Amino acid sequence: MLEVSNLRKVYGPDPHAAPAVDGLSFAVADQEFVCILGSSGCGKTTMLRCLSGLTPATSGSVVLRGKPVNGPPEDMAFVFQDYSRSLLPWMTVRRNIAFPLRYKGVDRRRAAELTDEALDAVGLAGRGDRYPWQLSGGMQQRVAIARALAYRPGILLMDEPFASVDAQTRSGLEDLLLNVWQRYGITVLFVTHDIDEAVYLADRVLVLRPPANVGHEAVVGLPRPRNQVATKQEPEFGRLRGELYAALDGRPVVA
Amino acid sequence: MSRRVLGFLLELALPAALLIGYGLWAHRAGSFYFPPLDEIFRYFRELWLFDRVGSDLLPSLARMLAGYAASVVIGVGLGLLLGMYRPLRVAAEPVVEFLRALPAPALIPFSLLMFGAGNASKVFVIVLGAVWPILLNTIDGVRGVDPQALDMARAHRIPPGARIVRIILPGAGPRVFAGMRTSLAIAIILMVVSEMVASSNGLGYFVLEQQRSFAIPEMWTGIILLGVLGFVLNWIFLRVERRVLRWHRGARGLLAEHEPAAGAPSSLKKTPTPEKSDA
Amino acid sequence: MSLDGAATIDARRGTPAAGARLPPGRAGRLLASRRVRDLGLKVSGVLTVLLALELCSRVGLLSRDWFPPVTDTYAELFRLGMGRPLWVEIGRTLNGWAIGLALATLLAVPFGILLGSSPAAYRMSRVVIEFCRPVPSVALIPLAVLVYGVGLEMKVFLIVFVTFWPILLQVVYGVTDVDPVVRDTARAYGLPAHARFFRITLPSAAPYIATGLRIAAAIALVLAVTAELVVGAPGLGQSIVVAQSNAQLPRMYALIIVTGLVGWVLNMAFQAVERRLLRWHPSQRQEESR
């Protein structure tokens, strides 16, 4: 599905400046849920921007379904951390979701169908005529997810999407995301700095170490569907958590 | 209920006192320059209902609106261009700063040479004065558009034209309107000034002409009409702005269920820097 | 939790943060080279405009009858700048400007403080303010001429009447916009009323007053020039009209340029003061980081 090899990104004109991303390689399989775990300032955002084609990489390659990524690919949708800034306050919820579709060549009727379906999937049916600022933070982030879903992407890139909502809302959004991921059969690449969140959501967790390369990889064998209480009580959950904590810290991993 | 009535009366007390005070004083003083109110009103009715509406008021309004509309189109268009391309903005900065600081009435002689004494020269002067606040505010508004909204648009492959219309322009909207509000006042002022120089009709011409022939009450009617005109146009503008920028006040949490009637007017709610005012 | 964990990891290992990726020396050099490039852009922008005007005039695209070549205008400007009369005219314009602005400030600041600190007073005068503010100031020129003649007094009256409002409104806003937490803190520490006013209200309102003054200064200049132009009070505006009626076109354009330069210099000066007073204000900090 997605193959990243030897990605390197240096900001500015000076090629010898310290790179933000250096020697990053990994692959994501079709319909896989991969979490990328990294501390703040380790180049997560730069990496995502390179993957999505928003920022050109200095060297290396990103290949999506066999095609190299040079600009934002059609098959990809993006959910940002700051929902209040990626939703447009001058458009209603419904317009926010529908308007990227028009430029994808979707006709008006189909766009309305996709919008309704996506709103329904995130549990916001009937709120389409509100404005984003009339909704709570968690609801706004659900609108952002609905926009991504309505876009019908093969792969969904998420940049710490739940970092700025409170804990209660956050677990609700996590379950919602797992639900739509399975229903829509999409591939998800989810960036977070939260170990618990990564383990809870992912099939596989990649630990990023500065300057953004994969320092450790953990396969999460926890059964699905996952449950906020039961899953987090499993011994395997605790073990993975310890492993990832150590990996983040840069200590050798005790298997 | 009675509190609101009381507040309303309080607000009207000072203007009423001023008017009555002037009326009494003018009657007693019999000043040549400050005629009594009833005399002014009698002339007002004679002149402006509706004898000179077609000959002076409408031409003035037409010039003002034409100049204002041109200023909005040019200011927003140029502002988008300069806001989006940094090299262009930097290169244009000294020229823009100079022209903005140049008092527009000083350009009236130039405009007269270029266009003659017709409407074109007046509209030109209005544009030369009113375009700057719109231009500068649009530039700032465009630069202030959230980069994440632009990323979102790019990630969803929204074409550049649609990005301008759907994201950059609405995002800059509050600033564009701030500029347009300042420019409206400037456009009215320049309408009057340009009509005071080399003109044969219009409100500015009328007021100055009455003064020169010592028709004092007539002059006063013109001044009052101009005041009413400024007030009404400003009021209409605020209505439109309120409607168009509803989302903005909502997003900033200023949209109460009922608008406070007696609080500070919206024009007071300005931060000191963001508005580039100019006249 | 994990968030804290991440932060300590960063601290311990000294991970360079996004902004610190460039060593300071290099960042400084990049900034300096950018500044040089910007200066080049600005100079070329001005030169392009001047060159275009010059060419238009030389080729005949703009008629020589009313638009002489820019070089002629600048030669005249140079000649004028060397002589005394130009500076006398500038002095006359600025004289009215300064007196009017100073009087308006003296009137508007105490009034603004009163209205800003007393809601009842504000409500009482609201209708008057809202009605007087949008009145196009220049409508009063004929009245001013009647009462004061065509001299300095007329100019000053106009400027005072018009610049009073923007200053007043900014003062009212500045006084009402004192951070309530600061105000409460002062009260909690038992600061007496006059100390609260001089140590807290006035410093917080100062930047707003500066903004009002900058706006007022620009308007005052417009009015001074307008009065000179329309009714012939002595000053730059009048000399522009005289040059025009004598068909001394380069002189007329030179004087227009001088008027613009005067406005520009005044604007720069007021902006500099304002920026100094506003250093603490969040909007300013943001702008600097951009």
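C:Ser204 lies in helix α9 of chain C. Helices here are DSSP runs of H or I with at least four residues, numbered from the N terminus. This is a predicted model, in which local features need pLDDT of at least 70, side-chain atom pairs count only at pLDDT 80 or more, and totals for chains, interfaces and linings use all residues. Residues are numbered from 1 along each chain as its sequence is written, and chains are lettered from A in the order in which they are written.

C:Ser204 counts as partly exposed because it has 18 C-beta neighbours inside 10 Å. (Buried takes 20 or more other C-beta atoms within 10 Å, exposed 12 or fewer, partly exposed in between; C-beta atoms are placed from the backbone.) Beyond four places in sequence, C:Ser204 contacts C:Gly174, C:Val178 and C:Asp179. Contact means C-beta atoms within 7 Å. C:Gly174 is 30 residues away in sequence, yet the C-alpha atoms are 6.8 Å apart.

## The largest nonpolar core

The largest nonpolar core has 216 residues. Such a core joins buried Ala, Val, Leu, Ile, Met, Phe, Trp, Tyr and Cys residues through C-beta atoms within 7 Å. Helix α9 of chain C, residues 193-231, gives the largest share, 20 residues.

A:Val205 is among the members that touch the most others. Its partners beyond four places in sequence include A:Cys35, A:Leu37 and A:Leu244.

## Two helices in chain B

Helix α3 (residues 53-84) and helix α4 (residues 86-101) of chain B pack at about 115°, with axes 5 Å apart. Axes are lines fitted to C-alpha atoms over the stretch in contact, and angles run from 0 to 180 degrees between N-to-C directions.

B:Leu81, B:Leu82 and B:Gly83 in α3(B) meet B:Leu88, B:Arg89 and B:Ala92 in α4(B).

Notes:
Two residues are in contact if their C-beta atoms, placed from the backbone, lie within 7 Å.
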